[in-house]
Amino acid sequence: MSGVTVNHFAEETPSTGTSKNGYVFQEMELQDGEQEDYGKQSPVTHKDHIYDNQIQISASDPDAPGFGLLNTTRKYVKPMNFQEEVRAHRDLDSFLAQASILLDEKAATLDEVLRRMLTHVVEDGHGGCDVDEVINSLFTDAGGREFDVHLLSETIQGVTATSTGIRYQQSWLCILSNVRSLQRRHVCIARLERPQNWGVNCCEARYVILILAPPRTKSTKTAIELGRTFATMFSDISFRQKLLEAKTQEEFKQELVCQRQQLSINSEKPVVEEIEESDPRRGKSLQCKDFFKAGRGVYNDLRRRLPLYPSDFTDGITGKDRCLLKYTTTAIFLYIAILLPAIAFGSLNDESTRGEIVIRGICDDYNLDFDAFYACIGLWNSLFLILGGLFNVSLLMKLFKRSTEEVIALFISIAFVGDAVKGTIKIFQHFYHGPILATANSTLVLQEITEVLEKMKNQTENAEHPSVFLPESLVLCSRERPVLCLLLMLGTLWLGYALYLIKRSPYLNDKIREVVSDCALPISVVIFSFIGSYLFLDIQLPVFSVHDGPVFRFPPFDKLTGMNTLSAVGLGFLLALLIFIDQNIVISLTHVPEHKLLKGTAFHWDLMLTGFINILMSCLGLPWMHAAFPHSSLHARQLAKVEQHVENGHLYTTIVSVKETRLTSLVANILIGLSAFMLPIPLQWIPKPVLYGLFLYIAATSLDGNQMVDRMALLLKEQTSYPPTHYIRRVPQRKVHYFTGLQMIQLIILCAFGMYPLPYMKMVFPLLMILLVPIRTSLLPRVIDAKYLDIMDAQHM
């Protein structure tokens, strides 16, 4: 629930000296804010009355320099209703007629910004007032004449009541003042060149709205009423993002007009039925009859998504809000993030299965033709996926809770780390332990060893324990190879993650930071591939092997008997179950409320479409396809516009909007298809350790937002450093740790079955993932109260 609050500060006693920037008083405000955060109810939730909070502070020594009394009053201000209140439109029309707008203001301090704004109002002839007099009226110290606590007297800020307390919108600030010398109201808006830190609850200020009004005026024309109008408009995070892109005052005013139109539209309540049918996670509880409404889920998905399909290709390409650079960097990121892990996984399978996938072991045991049996499993799998989409099996996602999804997501991240570690261990085992002969010619080796032994025998007849060293021409020293591989892997991880986090740093400008962060993975891979392949050219690094042969292999089905075909049903069903769980959980983790995706999901249609695609992949002998974690959620984050805010000393990022386009994934997959015909040119330049570092990078970035990881970190922290999350506030600490421990046990069991190097053990892995659902819905409520489980499984952070 969001709203606006107005703050009044008034001095009660003149100071007897000076203070250091009002430190005592600012500390008092912070403590007051903390009391609000920890309160059971927020003043924002009471919309029909005013919440007053008056505080008086005193120092131990009233005669100490800088001492004074500060009275604080906070009042809830109801947002302006643009549909019903005519005054809102008149306020904006009056401002547009004599607009005072400062774009990209370079002043850094609040005093300088306000002085520039007042000077701009006077120079434009919109008002005749004394700048110093107005400045004095804006602050509690009245220009330093009475005491030196320099705080704004009256402001309006946007606040949101969350489960963790009160969250301030820190990117804008509306400042109010009643000036006696004025005859009419004045508004000035300044957009700062870069965010400024102006203290508690205003650490990322980007917009300043200055409201000046005469003290005696109609009740509908007061400074607070005028402030309500503009504060309501600026409380929309997407509107603030659009104002950042305005380059002229005319564009800025046009955005104000568009926002007024948006707020004036009668917002019809969404049809609950449609939401329930389009998103299996919401709506009424699961009923058996829902599975017999054949095709209803697919029909509703298509009915809702087809009208939006053209915009999936035109958004960001046409119109004002173009994102060509963003699309380009995202397509490159997606290309690298999909192609290189696929190559690395293929290489690991190649080393362990003689160039085939794990099903090869089953084919060898029963003397089956691999290509035909692989295609047969894929066709059965496709049939089950199509039937699952047709009979609304995705409704089972109602049973999957956030904790279950996070256990599976964390297992996938651990699998990435495990593959990187296994590949590095193989390199060390092969090259680090023991010397390697430079030649495979046994005759030459024996001859040189004999010569060395004879020579040493003649020189050391009197030595008790002579040392024998093989000649350098015979021994290939290779210990530098695994050490370099380790450095390349860790370097790829470090550089990629450092560039990924550069968007939170003060270096360069925001546009360059955004591009560098989006291209962090490609930049890291290219740099360390160059380092490994060219700067250390004399050290031979392990690279990927490429098999010659046709890209497409059509399966000889005539080599399978009827029993062989029927025996593939079980494997096809287990594979379909695995794809069903993986794909739906990926969709669920991607369409979280934090990502603010507007076009909705298509669980049923996506599942059926995956089945159709896998029919083609099976018949061509290609790998099966489905939505993958963490690429999908990382893809959404790459296309997001964000706004940052500071809370309790920590920097948080809020997604403003996401460009929901198909172009980036389409371009990335076209590039992947072209890469298949370029082999082995790109692969011979990319050492394996760089790909292992890419695995670690993907695993590290996928942990952002995983609540289970955050709760696991609590086990290593002292209690005073616990973040004020909703589960810390509302769930006993012991219950939180119990819940985390039970999740960790589930994760360990998943890892034991999913990573065990036995094909038959991996066959039961999908069934094990399904068992996580009854464990969460039936077993855990016996250990932890259901109300606490629901709180920890909540979607909000």
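Which residues of helix α9 (residues 296-305) are buried? In this predicted model, the buried residues of α9 are Gly 297, Val 298, Asn 300, Asp 301, Arg 304 and Arg 305. Viewed down the helix axis, these buried residues fall within an arc of 165°, so they line one face of α9.

The wider setting may now be considered. The protein has 797 residues, of which 46% count as buried, and its secondary structure comprises 29 helices and 12 strands. Among contacts with a separation of 6 or more, 77% join residues 24 or more positions apart.

Two helix pairs that share α16 illustrate the packing. Helix α14 (residues 402-431) packs against helix α16 (residues 480-500) at an angle of about 165°, and their axes are 9 Å apart. Angles over 145 degrees count as roughly antiparallel, and α14 and α16 are therefore roughly antiparallel to each other. The crossing of α14 past α16 is left-handed. On the α14 side, the contact involves Ala 420, Thr 424, Ile 427, Phe 428 and Phe 431; on the α16 side, it involves Arg 481, Pro 482, Val 483, Cys 485, Leu 486 and Met 489. By class, the residues of this contact comprise nine nonpolar, one polar and one charged.

From α16, the contact draws on Cys 485, Leu 488, Met 489, Thr 492, Leu 493, Gly 496, Tyr 497 and Tyr 500. From α23, it draws on Pro 689, Val 690, Tyr 692, Gly 693, Leu 694, Leu 696, Tyr 697, Ala 700 and Thr 701. The contact of α16 with α23 has 13 nonpolar and four polar residues, and no charged ones.

Val 525 belongs to helix α18 (residues 520-535). Is Val 525 buried or exposed? Since the cut-off for burial is under 20% relative accessible area, Val 525, at 4%, is buried. Apart from neighbours within four places in sequence, Val 525 contacts Ile 336, Leu 340, Val 690 and Leu 694.

Terms used. Residues are numbered from 1 along each chain as its sequence is written. This is a predicted model: local features need pLDDT of at least 70, side-chain atom pairs count only at pLDDT 80 or more; totals for chains, interfaces and linings use all residues. Side-chain values use heavy atoms; hydrogens and water are left out. Buried means under 20% relative accessible area, exposed over 50%, partly exposed in between (1.4 Å probe, protein chains only). Helices (H or I, at least four residues) and strands (E, at least two) are DSSP runs, numbered from the N terminus. The arc is that of the directions from the helix axis to the C-beta atoms. Axes are lines fitted to C-alpha atoms, for helices over the stretch in contact, and angles run from 0 to 180 degrees between N-to-C directions. Angles under 35 degrees count as roughly parallel, over 145 as roughly antiparallel, 65 to 115 as roughly perpendicular and the rest as oblique. A crossing is left-handed if the near helix is turned anticlockwise from the far one by less than a right angle, and right-handed if clockwise. Contact means heavy atoms within 4.5 Å. Ala, Val, Leu, Ile, Met, Phe, Trp, Tyr, Cys and Pro count as nonpolar, Asp, Glu, Lys and Arg as charged, and the others, Gly among them, as polar.
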